Amino acid sequence: MKKQVFLYFTVLLFTSSISGQEIKDFFSTLAKNNLFNGSVLISKSGETIFSNSYGYSNMEKKEKINEKSQFTIASVSKTFTAVAILQLKQKGKLNIDDPVQKYLLDFPYPNVSIRHLLSHTSGLAQYYRLFDSAMKEKPEKIFSNEDIIPALIENKVPLSFAPGDKWEYNNVNFCLAALIVEKIAGINFRDYLAKNIFEPAKMKDSFLPKNRMLKEPNQVELYTYPNFYSTSVVNVQTLKETFLIDEKSNFYGPGGIVSTALDLQKYQKALFSYQLLGKKELEEALTPAKLNDGKIASYRAYEKEIAYGLGWQTYTNESNEKIAFHDGLNTGLTSILMHNITRNHTVILLSNTASQVFVIGNEALKIIENKPYKMPLPSLSRVYGSLLESGNKEKANQLIEEYLKKPDSYEVTERDFNRLGYQFLRSQKTDNSLLTFASATLIFPNSSNMYDSYGEALLQSGKKEDAIKMYQKSLELNPDNENGKKVLKKLL
């Protein structure tokens, strides 16, 4: 018996050391290929098995990211807002199915409930549609949560759909949820988070800023690719084109929290050990919401069906294990907290170059669970586009030929090539656009959409006969392509 126990622990230790080395090699390779820049923390059964930082928090000053580096966690903040609401529910202060109007008296939609807000099934308008004219009339004003209901009333904005009929991701939902927390708790949302989540979870390096435009000393700078054909990132502050609403707003609830990988691990531990919520409330948060027709509130992404609960997303992996997560995205930033509920394994990723954190996190979970995994690869469209932009058309064509012979060397998607082709077209780089779409039809020979896009680019370039051939090919592959039918009818 003792021998069996010894052998068991020897195998366990050996397996852990293998996965530990693999995860180290995995992230080292990603960093080397410029596919990850940021902080990573991975734990098994609550114990940290890997923690590291890669790249710079400030590239201009060559300041490296470390465990104290703070990142805006973007939409991972939604889980905190949902926890705050469920804490109040647990204390008997509200009911999840209460109408929003019960707490926000001026709210103009009587049939929208708190559950609808937390599950993105409310039908409310997106906030970038609410303040277009107001931003022009009051260019100096910074809009916040308190401005949302007056804007809905003033503009008489109808619901996009009946509450509960559909699922549609919408930050306005969580702005209103934060207002409800403030109304019931009698304190501002910032102080509520500090008192009821950050302090109990011992998150000493996390906060909700009063003004998210102002950065703390440990906050990282953000970097992004300026276009679809660049292979070098730039500081987001140098970008000419930005979303005006991001510059003119200080919304909280859907995002805004600043934290570290270590603090997010403390949050995950406290939450899933029922220190922040009771078991019943946590399970309610992780249970997929149901629409009025009985279907699950969900969407398709990363070749997975992802369900949305109350502030949390879930999916089932290949081993039928439940993964709970939320990711976040801002210009130049991505974040994710992934937790395998079945195994009690967690991956936390914070990137200040907008790395593909869902893909990376999902593969990292496979590694620590000793499952087959795929190494994320560089984007073929980005490398190809950069060669075209620099005038190396011969090398660009050679790259496509090499890829067709060995397709496991780059990450390739239809969407990426489509976006690249159209960006070249909008920038009046017509030759590059045509070459991009031509190459894309070689890579995706059965894509009706790609031939349709190629046809549009040819038509805009004055190549009518060639455009007709592409639209005909598109309809051959998909006879239901209504756009192709319409354009071809005009051309013929």
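**Entry 1: Ile-149.** I began with the contacts of Ile-149, skipping neighbours within four places in sequence, and found Leu-104, Asp-106, Phe-107, Pro-108 and Leu-176. Contact here means heavy atoms within 4.5 Å. I placed Ile-149 in helix α6; helices (DSSP H or I, at least four residues) and strands (E, at least two) are runs numbered from the N terminus. Ile-149 is buried because its relative accessible area is 10%, and the classes are buried under 20%, exposed over 50% and partly exposed in between, with a 1.4 Å probe and protein chains only. I also looked up Val-172, 23 residues from Ile-149 along the chain, and the two C-alpha atoms are separated by 9.9 Å.

**A note on the model.** I am working with a predicted model, in which local features need pLDDT of at least 70 and side-chain atom pairs count only at pLDDT 80 or more, while totals for chains, interfaces and linings use all residues. Residues are numbered from 1 along each chain as its sequence is written, and side-chain values use heavy atoms, with hydrogens and water left out.

**Entry 2: Asp-147.** I then stepped back to Asp-147, which sits in the loop between α5 (132-137) and α6 (148-154). Its side chain makes a polar contact with the side chain of Lys-141 at 3.4 Å. For a polar contact I need a pair of N or O atoms within 3.5 Å; within protein, one must be able to donate a hydrogen and the other to accept it, and residues adjacent in sequence count only if both atoms are side-chain atoms. Beyond four places in sequence, Asp-147 is in contact with Phe-131, Lys-141 and Ile-142.

**Entry 3: Ser-75.** Is Ser-75 buried or exposed? I noted it as buried, because its relative accessibility is 11%. Ser-75 belongs to the loop between β5 (71-72) and α2 (77-90). Its side chain has a polar contact of 2.8 Å with the side chain of Lys-78. With neighbours within four places set aside, I listed Tyr-169, Asn-171, Pro-254, His-326, Asp-327 and Gly-328 as contacts of Ser-75.

**Entry 4: Thr-224.** Strand β6 (residues 223-224) holds Thr-224, which counts as buried because its relative accessible area is 14%. I checked Thr-331, which is 107 residues from Thr-224 in sequence and 6.8 Å away in space, C-alpha to C-alpha. Thr-331 is also among the contacts of Thr-224 outside four places in sequence, along with Val-233, Val-234, Val-236, Leu-239 and Gly-332.

**Entry 5: Phe-272.** I found Phe-272 in helix α10 (residues 261-272). It is buried because its relative accessibility is 16%. Not counting residues up to four places away, Phe-272 touches Leu-282, Leu-286, Trp-312, His-339 and Ile-341.

**Entry 6: Lys-32.** Lys-32 lies in helix α1 (residues 2-32), and I marked it exposed because its relative accessibility is 71%. Thr-231 is 199 residues from Lys-32 in sequence, with 14 Å between their C-alpha atoms.

**Entry 7: backbone angles.** Most residues other than glycine have a negative phi. Tyr-302 is in the loop between β9 (298-301) and β10 (304-308), and is partly exposed because its relative accessibility is 40%. Asn-320 also has a positive phi, near 60 degrees. I located Asn-320 in the loop between β11 (313-316) and β12 (322-330), where it counts as exposed because its relative accessibility is 65%.

Entry 8: How many cavities of 30 Å³ or more does a search of the whole structure find? I got one. A cavity is a set of points on a 1 Å grid over the protein atoms alone, where a 1.4 Å probe fits but cannot get out, and lining residues have an atom within 4 Å of a point. The largest cavity holds about 50 Å³ of space, where volume is the space filled by probe spheres set on the points, joined across faces, edges and corners. Its lining includes Tyr-315, Asn-317, Lys-366 and Glu-369. Helix α12 (residues 357-368) gives the most to this lining, with three residues.

Note on methods: On a 1 Å grid over the protein atoms alone, a cavity is a set of points where a 1.4 Å probe fits but cannot get out, and a pocket is an open set with protein on both sides within 12 Å along at least five of seven lines; lining residues have an atom within 4 Å of a point.
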